[in-house]
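Please read it alongside the sequence and the coordinates.

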Amino acid sequence: MTLQPTTSEIETLVDRILVEEFEVDPEALRPEAKLVTDLDLDSLDGVDLVVALEKTFLCRIPEDEAKSIRTLGDIYDRVRARMPAAQAPTGA
Amino acid sequence: MKPAVGAGDGASGPVLAELVPHRPPILAVDRVLAVTDDFAEAEFRVPIAAADADADGNLWEQTLVEGLAQTASALHATSARRAGRRIARGMLVGIQRFEVRRRARVGETLHYRVELIRELRPLSLVRGIASVGDEVLAQGELKFYVEDEE
């Protein structure tokens, strides 16, 4: 049985990638944050970000999906969609 | 995958010119040894009268980057050709996680190998290694912008 990250774990790992590898300000990490205007990423960062996500989550993000990413929430959604059985956090 | 250029019949001269757009005096590969959609290998014998060598015969570090970039040109050109696209212009736009252990010297034969890590057109990311024999001289990642087909 393969353990899949929960939704909150996915978001935590994505946030960590952005902070540690792309020097994004943690305070700016909101789902609606735009990668370019709010998180200060540029077009050249895109391919590095996708590589980092794919290494972390052991998945392949199709090119068209990768190119449609605009916000942090889009990243969460794309990664979650590539996880076979991502679960929402349980408990109260 | 069968290489477009096999190890035994490396591309030089006119064939090399199809794969690598650079021309002397900035041409930094003599021969493309092998190339597929995923990797390319090339070699370059550093000439005695290399313009980019210091008084002691050591080449500038940038020469290794240039050689890797030109090897990547062969990779991109072959990939485009196999996909039925025209061979587009490209440029090196970034270097990262790159280390130079030592500079190449006049008279040495450099071996360049580049592997495609990821392509998100028009950007591609490759890992490159420059070596002499078994000794790695430099390695790291290079990022390219390659024009999209119109």
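Leu58(A) counts as exposed because 9 C-beta neighbours lie inside 10 Å; the class is exposed at 12 or fewer other C-beta atoms within 10 Å, buried at 20 or more, and partly exposed in between, with C-beta atoms placed from the backbone. The model is predicted: local features need pLDDT of at least 70 and side-chain atom pairs count only at pLDDT 80 or more, while totals for chains, interfaces and linings use all residues. Residues are numbered from 1 along each chain as its sequence is written, and chains are lettered from A and ligands numbered from 1 in the order in which they are written.

**Backbone features in loops**

- Leu58(A) is located in the loop between H2 and H3 of chain A, where helices (H or I, at least four residues) and strands (E, at least two) are DSSP runs numbered from the N terminus.
- The phi of Leu58(A) is positive, near 50 degrees, although the residue is other than glycine.
- Asp40(A), likewise not a glycine, has a positive phi of about 65 degrees.
- The loop between H1 and H2 of chain A holds Asp40(A), which is partly exposed because 13 other C-beta atoms lie within 10 Å.
- In chain B, the peptide bond between Arg121(B) and Pro122(B) is cis, with omega about 15 degrees.
- Pro122(B) lies in the loop that connects strand E4 (109–120) and strand E5 (123–132) of chain B.

**Helix packing in chain A**

- Helix H1 (residues 7–22) and helix H4 (residues 72–82) of chain A have axes that come within 10 Å and cross at roughly 125 degrees; axes are lines fitted to C-alpha atoms, for helices over the stretch in contact, and angles run from 0 to 180 degrees between N-to-C directions.
- H1(A) and H4(A) are therefore oblique to each other, given that angles under 35 degrees count as roughly parallel, over 145 as roughly antiparallel, 65 to 115 as roughly perpendicular and the rest as oblique.
- From H1(A), Thr7(A), Ile10(A), Glu11(A) and Val14(A) meet Ile75(A), Tyr76(A), Val79(A) and Arg80(A) of H4(A); a contact requires C-beta atoms, placed from the backbone, to lie within 7 Å.
- The residues of this contact between H1(A) and H4(A) comprise five nonpolar, one polar and two charged, where Ala, Val, Leu, Ile, Met, Phe, Trp, Tyr, Cys and Pro are nonpolar, Asp, Glu, Lys and Arg charged, and the others, Gly among them, polar.

**Contact between the chains**

- Chain A contributes nine residues to the contact and chain B eight residues.
- On the side of chain A that touches chain B, helix H2 (45–57) and helix H3 (63–67) of chain A each supply at least two residues.
- The most, five residues, come from H2(A).
- This side of chain A has five nonpolar, one polar and three charged residues.

- Chain B contains two helices and six strands, in the order α-β-β-α-β-β-β-β from the N terminus.
- Of its 150 residues, 35% count as buried.
- Of the contacts in chain B between residues at least 6 apart in sequence, 65% join residues at least 24 apart.
- The largest nonpolar core has 49 residues, and Val32(B), Ala40(B), Ala42(B), Leu68(B), Ala72(B) and Ala74(B) have the most contacts inside it; such a core is a set of buried Ala, Val, Leu, Ile, Met, Phe, Trp, Tyr and Cys residues joined through C-beta atoms within 7 Å.
- Helix H2 (residues 61–82) of chain B provides the largest share of this core, eight residues.
- Beyond its neighbours within four places in sequence, Leu68(B) is in contact with Tyr112(B), Val114(B), Gly128(B), Ala130(B) and Leu142(B).

Note on methods
Two residues are in contact if their C-beta atoms, placed from the backbone, lie within 7 Å.
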